[in-house]
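Good morning, everyone. Please look at the structure as I talk. I'll take salt bridges first, then a sheet.

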Amino acid sequence: MRLEHDYNLREYNTFGINAKCNTFFEYSTDNELFDFIRQHRNDDDFKFFILGGGSNILFTKDFDGTIIHPCTKGRNIVYENGDNIFVEAQAGENWDEFVEWSITNKAYGLENLSYIPGTVGASAVQNIGAYGAEARQFIHRVKFLHLDSGDIQYMTNEACCFGYRESIFKHLLKGKAIILSVVYKLSKRPNINRSYADVEKFLTENNISNPTPADIRNAIIAIRRKKLPEVSETGSAGSFFKNPVVNTETFNALKEKFPEIKYFTAGNDYKLAAGWLIDQCGLKGFQHKGAAVHKNQALILINAGNATGNDVLELSDIVREKVFAKFEINLEPEAIII
Ligand SMILES: Cc1cc2nc3c(=O)[nH]c(=O)nc-3n(C[C@H](O)[C@H](O)[C@H](O)COP(=O)(O)OP(=O)(O)OC[C@H]3O[C@@H](n4cnc5c(N)ncnc54)[C@H](O)[C@@H]3O)c2cc1C
């Protein structure tokens, strides 16, 4: 357990933004958390924010309250049933280490979600997704501390109300639940997902015709390393904006005006590639004060050197205005702005 005051969070957000909090509470066991919450939950001025790996956060000011930082570790196989294998990981586990561990333990399914920064707890909050897979396909149950009642509660997959980077933890339970652990329902039998063109290309180039889950993990890591900025080298929160979802009418009108528009179908709707929209506005590499649009991936805003949170926020406003002026599409931030 660690308790700090007037603490700088620069090392705790992947944008590398300088921001302070009044109190920083880091815990390694759930009991430490329960004691801390018991002591403070009835304080009139108790204001808190749960900060995992800080890889989807933009601090635009100091946080006038307590940062709660889970560092609980542990992963284990809880149950096996036919081809199904249920694995549980504590909220503070590093996500990618958990993915690697699951594959090593012959529990398959998460390989396409390899190399996403952050923690296991946040994987359920965010319903993380990449390369044709989403966490919600595999989450079985989420265990959390309900702050109103002080009870430990369990949430089934259905009750989590997962959507595109959405869950109940961002809405009804926002500020009311601290995730303690997540149980993932994985498979003993590999179910290879090579639906993404980049993955297929990597496999062909490397003469892998019958890939194992470990091959898919290696492919995803190689592709991501090539395409995305490394957290250790360049500050960012990954995709800064969500891909906007539009109905058929809007899509048809856009397609007529911009025949090259990049999109995916999403049920009856269409998900537009936000990176393409930004790129069409000529913004790749565009810099505003200390922040910039990544030169290869327009969807990623970066800390180009000593950016403040407001530099990034102002840049995101510029991007949103330009995209709206050209396409009449509103880009919504994926990153959580504080
Ligand atoms: C280079 C880069 C690439 C990325 N690529 C992807 C990608 O491909 N796909 C994708 O989906 N995301 C991606 N992201 C975004 C990010 O990795 C995910 O959103 C990740 O899940 C955030 O995890 P975190 O632990 O850092 O959460 P944080 O950023 O610290 O927090 C995110 C949210 O979860 C809440 N939270 C965290 N832990 C808990 C807990 N235990 N209980 C309750 N609430 C909690 C926080 O309060 C906050 O609301 C990328 C980010 C970077 C920097």
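Start with Glu-93 and Arg-75: they form a salt bridge, with the closest N and O atoms 3.5 Å apart. By salt bridge I mean a side-chain nitrogen of Lys or Arg within 4 Å of a carboxyl oxygen of Asp or Glu. Why does this pair matter for the layout? Glu-93 sits in the loop between β7 and α2, and Arg-75 sits in strand β6, so the pair ties together parts that are 18 residues apart in sequence. Helices (H or I, at least four residues) and strands (E, at least two) are DSSP runs, numbered from the N terminus.

Is Glu-93 buried or exposed? Buried, at a relative accessible area of 5%. Arg-75 is partly exposed, at 31%. Buried means under 20% relative accessible area, exposed means over 50%, and partly exposed is in between (1.4 Å probe, protein chains only).

A word on the source. This is a predicted model: local features need pLDDT of at least 70, side-chain atom pairs count only at pLDDT 80 or more, and totals for chains, interfaces and linings use all residues. Residues are numbered from 1 along each chain as its sequence is written, and side-chain values use heavy atoms, leaving out hydrogens and water.

Next pair. Arg-165 and Glu-134 meet in a salt bridge, 3.8 Å from N to O. Arg-165 is in the loop between β11 and β12, Glu-134 is in strand β9, and they are 31 residues apart. Arg-165 is buried at 12%. Glu-134 is buried too, at 15%. Salt bridges with shared partners join Glu-134, Arg-136, Arg-165 and Glu-334 into one network. The whole structure has 20 salt bridges.

Look at the pairs. Six bridges join β6 and β7. Here Glu-80 has Ile-85 of β7 as its bridge partner. β10 and β12 share seven bridges. β10 and β11 are joined by five. In the hairpin of β10 and β11, five residues lie between the strands, and Gly-150 takes a positive phi near 80°.

That's my tour. Questions, please.

Technical notes: Two strands pair if DSSP finds at least two bridges between them.
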